[in-house]
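Keep the structure open beside you as you read.

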Amino acid sequence: MKVVHTIEDLRDHLRGQLRVSFVPTMGNLHEGHMALMKLARQHGDPVVASIFVNRLQFGPNEDFDRYPRTLQNDIEKLERERDVYVLFAPDERELYPEPQSYRVQPPQELGDILEGECRPGFFGGVSTVVLKLFSCVQPRVAVFGKKDYQQLMVVRNMCRQFQLPVEILAHETVRNPDGLALSSRNMYLQPTERAEAPRLYAALQSVQQHLQRGECDIEQLEQQACAELNGRGWQVDYVAVRRRRDLHKPGRDEVAAGEPLVVLAAAKLGATRLIDNLEL
């Protein structure tokens with residue numbers, strides 16, 4: 001595996017390659033990331049991964065400074081798996097040599113709801129760095145995980161509207177045996193919090209079960225899930241049942257008619273904010 005830190009070196013290694021698969025990450029790699037690399041390997045050659053903690057997507061009171069940076073361990077993991085040809089690991093000066101005054105702004109109806117409402121500017125930061133990385137790597141295929149469901153939709157919509165020649169592939173959420181979705185932020189959890197953390201996924205499963213029994217009062221189901229989590233010490237930002245196609249609220253008739261839905265949740269457990277979702 002080649003490890004490069006500059007855009008010039010990256011392009012030198014990829015010159016003439018027409019089937020590049022790309023997996024952008026913020027590092028501190030776990031088995032969920034490895035699954036993305038394997039999917040990328042099935043759909044292109046060579047595979048490029050990137051590690052870059054993107055300041056633009058962090059709010060002023062978020063965890064940018066303490067976000068885990070484990071580059072040497074990440075390199076060792078990728079070398080063991082042997083799926084990645086080039087790892088692009090730029091520093092901030094390389095990717096942002098001047099203040100990033102040009103930004104991608106997702107439409108309000110997608111970018112300012114759910115995560116976008118809780119974290120203003122988040123999806124603008126994500127979209128901007130993804131577009132810049134796509135420009136550097138010029139992949140044919142890029143792989144993202146479904147755990148970041150809204151982010152996946154934002155990136156897909158950006159590619160469609162800008163007519164980028166990049167196919168976006170989604171990998172199912174990778175979970176621990178107890179149901180907790182794998183995340184770099186799980187390492188923040190204290191032992192008692194780690195034992196409680198699978199309750200977030202259990203709350204989503206409970207909503208799913210109620211809907212499968214024919215219940216159509218979405219707001220009541222959302223409120224019940226929030227109340228249960230809050231009662232266990234969580235600080236819930238949202239539990240929301242939405243249409244898969246646009247993340248808008250479904251009407252009661254749509255629910256009854258079998259509209260494809262997804263339930264999404266975000267909540268803090270102690271100092272750690274976790275997100276999850278479940279397609280219904």
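This is a predicted model: local features need pLDDT of at least 70, side-chain atom pairs count only at pLDDT 80 or more; totals for chains, interfaces and linings use all residues.

The sections below go through a sheet, a helix and a set of charged residues.

An open sheet is built from six strands, ordered β1-β4-β3-β2-β5-β6, with parallel pairing. Its edge strands, β1 (2-4) and β6 (167-171), each pair on one side only. On average, neighbouring strands of the sheet are turned by 25° against each other, direction ignored.

For a look at one pairing, take β2 (residues 21-25) and β3 (residues 47-51), which run parallel over five bridges. Here phenylalanine 22 has valine 48 in β3 as its bridge partner. Helix α1 (residues 7-14) packs on the sheet and touches β1, β3 and β4 (86-88). The direction of α1 makes about 160° with that of β4.

## Helix α8

Helix α8 (residues 149-161) also packs on the sheet, where it touches β5 (141-145) and β6. Its direction makes about 165° with that of β6. With 13 residues, α8 spans 19 Å from first C-alpha to last, close to the 18 Å expected.

Buried residues of α8 include Leu152, Met153, Val154 and Val155. Just after the helix, glutamine 163 takes a positive phi of about 55°.

## Around aspartate 246

Aspartate 246 sits in the loop between β7 (235-243) and α12 (252-256). Its relative accessibility is 18%, so aspartate 246 counts as buried. Its side chain makes a polar contact of 2.5 Å with the side chain of arginine 243, and a polar atom of that aspartate 246 side chain lies 3.0 Å from the backbone nitrogen of histidine 248. Leaving aside neighbours within four places in sequence, aspartate 246 is in contact with Leu110 and Met153.

## Salt bridges

The salt bridge count comes to 21. Glutamate 254 bridges to arginine 243, with the closest N and O atoms 3.0 Å apart; glutamate 254 belongs to helix α12 and arginine 243 to strand β7. Glutamate 259 pairs with arginine 245 at 2.9 Å. Glutamate 259 is buried, at 18% relative accessible area, whereas arginine 245 is exposed at 52%.

Another salt bridge joins aspartate 276 and arginine 175, whose closest N and O atoms are 2.8 Å apart. This pair links distant parts of the chain, 101 residues apart. Aspartate 276 is buried at 4%, while arginine 175 is partly exposed at 22%.

Notes:
Residues are numbered from 1 along each chain as its sequence is written. Side-chain values use heavy atoms; hydrogens and water are left out. Two strands pair if DSSP finds at least two bridges between them. Helices (H or I, at least four residues) and strands (E, at least two) are DSSP runs, numbered from the N terminus. Axes are lines fitted to C-alpha atoms, for helices over the stretch in contact, and angles run from 0 to 180 degrees between N-to-C directions. Contact means heavy atoms within 4.5 Å. Buried means under 20% relative accessible area, exposed over 50%, partly exposed in between (1.4 Å probe, protein chains only). A polar contact is a pair of N or O atoms within 3.5 Å; within protein, one must be able to donate a hydrogen and the other to accept it, and residues adjacent in sequence count only if both atoms are side-chain atoms. The expected span of a helix is 1.5 Å times one less than its number of residues. A salt bridge is a side-chain nitrogen of Lys or Arg within 4 Å of a carboxyl oxygen of Asp or Glu.
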